[in-house]
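The model shown here is a predicted one.

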Amino acid sequence: MKRKISLSTTVTLVLLTMALTISLTMLLAMRHFNNQLQSVGARQQMYNYVHDVDQKVRACYPQLDETELRKGIAQGYIAALNKQDPYAAYYEPARYAAEQLRLSGKATNMGITLTLTADKKVVVSRVQPNSDAAKQGVKQGDVVTAVDDVSVDSQKWAELQTQLNTAKKMTITVQRGEETKSMSLTAPAENESYVVRSVQETVLGTVGYVRIYAFYENTPEQFRAAISALMEQGVTGLIFDLRGNAGGSTAAVQEMLGYVMPVGAYGTITDVNGTETKLSASVNNQLSVSTVTIVNSSTAGEAELFAGVLQDGGFTTVVGQTTAGKAKYQEFFTIEADYSAVKLTVGTYGLMRSGSWEGKGIIPTVEAKLPEEQAAISQLLTPEEDAQVKVALEQITDSGLPGTTPSVIDPSVTDPTGTDGSTAADPSGSTTTPTAGTSTTTKKP
């Protein structure tokens, strides 16, 4: 037998519900307000502390360099974040401008990278193709013996590198075999720059070799051109070399992964508030050839994401050494007062199957180290001389096409183009590197 609820009872229940809702809302609002008050109070204490220090300092030093003072305050503030954010950094205006230029894939320096050999020689390990150094004929392997007629001190070779990166004009003398040459180098004029080559390619037998030095804004364009060129030559496999690549642009690595991955989610980004966003490829570009990716302990950040995604999905064999273990990524925030900036961690990368590699690194499928005699001159090796490249070539020869079952791809992410994702595209990349030598390899289960 059903009982009827009187109108007065119904009204009472509605009023009770409203009262409870209002009470809970007020409770949460008061809690939020109290937290805000505590935060404001803590900030006020900090401002008072800084003001107190400022007064005492100015009493003794009334004439202060305000620019240096602001810089010191910002540096100290960021240094205090070390435990919470070890990747945080302060960039003064000139350094920030230079970093923005670097991440755009451009440079204003001489275009020379140096290395110190075991026998204490300062040697040119790389020459940027679009730089004045390349135009004047500087070559990889040149031994730098003098700068502006002053003999080079091998103990100060790092200072010489800084000089090459900042000077506007200099004359260098190099030893090339039995020949001695002097060349006058000039940096780009003010407000001018040249495009950095961050991707280089070559063919080793029937295999395409792609060296990716960094992930800049213009790296995806160079990567696509390199892959296309190699595939047009009919290569039977591809080697991606990420050794020494410390990462760079988040947008660049996502664009490049979208060029070699099938449709679907391949990774995640989790922001500082815990919100997770999936990274996915919207067009099916899965490579139709076997690939191997070479890494080492200096491979970090976006380079680890690139290698990890391909490995996690079964699309590549990773060769080399465990990577740096930097899965957190940062963004720059400009300080409007003087156009300096702070770089802060804003999220963490993750793989669909393996999750984050922060503090762990990407573990290679096949471990391979350079022999000691090669490690000392690693930047001077050609792909044909490099022992790790040799191991990579063996993996392409011994294995079939990886990634035929992309089990980590999230089926909830559909192809917006309407294609079924059953055909593979023929992308391409570019690089020049070392080869040969002996190496110990260990296959991971």
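The buried residues of α6 are Thr219, Pro220, Gln222, Phe223, Ala226, Ile227, Leu230 and Met231. Viewed down the axis of α6, these buried residues lie within an arc of 160°, so they line one face of the helix.

As for its length, α6 covers residues 219–232, 14 residues in total. From first C-alpha to last it reaches 20 Å, close to the 20 Å expected at 1.5 Å a residue. Just after α6 comes Gly234, with a positive phi of about 80°.

What do the buried residues of α6 pack against? Their partners include the strands β9 (194–195), β10 (199–204), β11 (207–212) and β12 (237–241).

Two packed helices are described by the angle between their axes and the distance between the axes. For α7 and α8 the angle is about 20° and the axes are 9 Å apart. An angle under 35 degrees counts as roughly parallel, and α7 and α8 are therefore roughly parallel to each other. The crossing of α7 past α8 is right-handed. On the α7 side, Thr250, Val253, Met256 and Leu257 take part in the contact, meeting Glu302, Leu305, Phe306 and Val309 of α8.

Technical notes: Residues are numbered from 1 along each chain as its sequence is written. This is a predicted model: local features need pLDDT of at least 70, side-chain atom pairs count only at pLDDT 80 or more; totals for chains, interfaces and linings use all residues. Side-chain values use heavy atoms; hydrogens and water are left out. Helices (H or I, at least four residues) and strands (E, at least two) are DSSP runs, numbered from the N terminus. The expected span of a helix is 1.5 Å times one less than its number of residues. Buried means under 20% relative accessible area, exposed over 50%, partly exposed in between (1.4 Å probe, protein chains only). The arc is that of the directions from the helix axis to the C-beta atoms. Contact means heavy atoms within 4.5 Å. Axes are lines fitted to C-alpha atoms, for helices over the stretch in contact, and angles run from 0 to 180 degrees between N-to-C directions. Angles under 35 degrees count as roughly parallel, over 145 as roughly antiparallel, 65 to 115 as roughly perpendicular and the rest as oblique. A crossing is left-handed if the near helix is turned anticlockwise from the far one by less than a right angle, and right-handed if clockwise.
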